[in-house]
Amino acid sequence: MVIDMWTQLKSVYNGKRIFLTGHTGFKGSWLLKIFSMLGAEVKGYALAPENNFDLYYLLNGDNLCNSVIADVRDRTTLTTAIIEFQPDFIFHLAAQPLVRLSYQIPAETFEVNAIGTANILDGIRLLTKPCYAVLITTDKVYHNNEWVYPYRETDKLGGYDPYSASKACTELIIDSYRNSFFNTKQFSEHQKAIAVGRAGNVIGGGDWAKDRLIPDIVRALSKNKKIEIRNPLAIRPWQHVLEPLSGYLLLGAKLYKEPNQFGQAYNFGPHFDDALPVNQMADIALNFWGSGEYFVNQTNDQPHEAGLLKLDISKALSELGWTPKLNAHKAISNTIQWYKQYFSNQPDIINFTENQIRDFINE
């Protein structure tokens, strides 16, 4: 039962010290809220939120953690923060997460995503206590053949655009550190366990990033403007933000109990037949909003983006006991409801967010 999973998570994380990078971001803010509900002590490490309406501020994030505003590329500051905190767990979400932006700042994207992760791993290496780390990459780490077959954790890694390539590089770095310093065969000596979560195309309330479908839709609708849609036939494994976060938490709990078995990579996504093209996502979102229209802008000067990408989640299903709970329609509904609540009753958004988490648990 789902409630049993929540009880299991609370038994693992309650009272534990969690070092959470990217805590001011979209996914990081949701995860920070969940950790607070689980009774964990969190130290966050990330850049400052870009806007005063970002989810971190809406949830009063400074009251939920000890927040360090700094860059993961600053190895000295990052290592010092890790060593001083002496975490039981590290969840690494800090990243430059946007494909289109990676074309504008390719070198910075590689620095943040690849070198930033190496800095995290270096901090773990210097700890003299047990530590369990879940490092988040993306579904785009796979060499994309644009085929209908879902990608498995053992498939070839690669990346066309700088963002995807930077995440593939990140996985190579993680694998090197795991083999060189955190080998499962010597766990009793180093007492460090490293796992990887791969997910992408996450939707949910509080995401205001540029060049993402739902935020673009919501921004346009809130201003009574037409929505611009790129790549209307591109198929993505859409999922509500609470889906992968529950997977990351379950993976961390499994890693804590059996570090030699779960120090691997796991895909987290919807069921195979639940992926939707962009134009259908937009139609569903407009239906839940109750108004609006969109137009397609398919100019030839658009940077390359994947047209078809699906994940095979059978490993997470069988080994972790994790399963997606919300289909695409329900995920979109929950997301649009959150934004409608924000625009109509912003002061109650904390309670609304907590209720969405509780409803998800009981789904």
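A residue counts as buried when its relative accessible area is under 20%, as exposed when it is over 50%, and as partly exposed in between. Keep in mind that this is a predicted model.

With that cut-off, Arg178 is buried because its relative accessibility is 13%. Its salt-bridge partner is Asp175, with the closest N and O atoms 3.3 Å apart. Asp175 is partly exposed, at a relative accessible area of 36%.

In total, the structure has 14 salt bridges. Three of them are set out here:

| Pair | N to O distance |
|---|---|
| Glu111 and Arg73 | 3.0 Å |
| Arg178 and Asp175 | 3.3 Å |
| Asp139 and Lys140 | 3.4 Å |

Which parts of the chain does the pair of Glu111 and Arg73 link? Glu111 sits in helix 6 (residues 106-126), while Arg73 is in the loop between strand 3 (66-69) and helix 4 (75-85), so the pair joins distant parts of the chain, 38 residues apart. Glu111 is partly exposed, with 36% relative accessibility, and Arg73 is partly exposed too, at 32%.

Are Asp139 and Lys140 buried or exposed? Asp139 is buried, at 0% relative accessibility, and Lys140 is buried as well, with a relative accessible area of 18%. The side chains of these two residues meet in a salt bridge.

Finally, a salt-bridge network links Lys33, Glu354 and Arg358.

Terms used. Residues numbered from 1 in each chain as written. Predicted model: local features only at pLDDT ≥ 70, side-chain atom pairs only at ≥ 80, totals over all residues. Heavy atoms only, no water. Salt bridge = Lys/Arg side-chain N within 4 Å of Asp/Glu carboxyl O. Helix = DSSP H or I, 4+ residues; strand = E, 2+ residues; numbered from the N terminus. Buried < 20%, exposed > 50% of the residue type's maximum accessible area, 1.4 Å probe, protein only.
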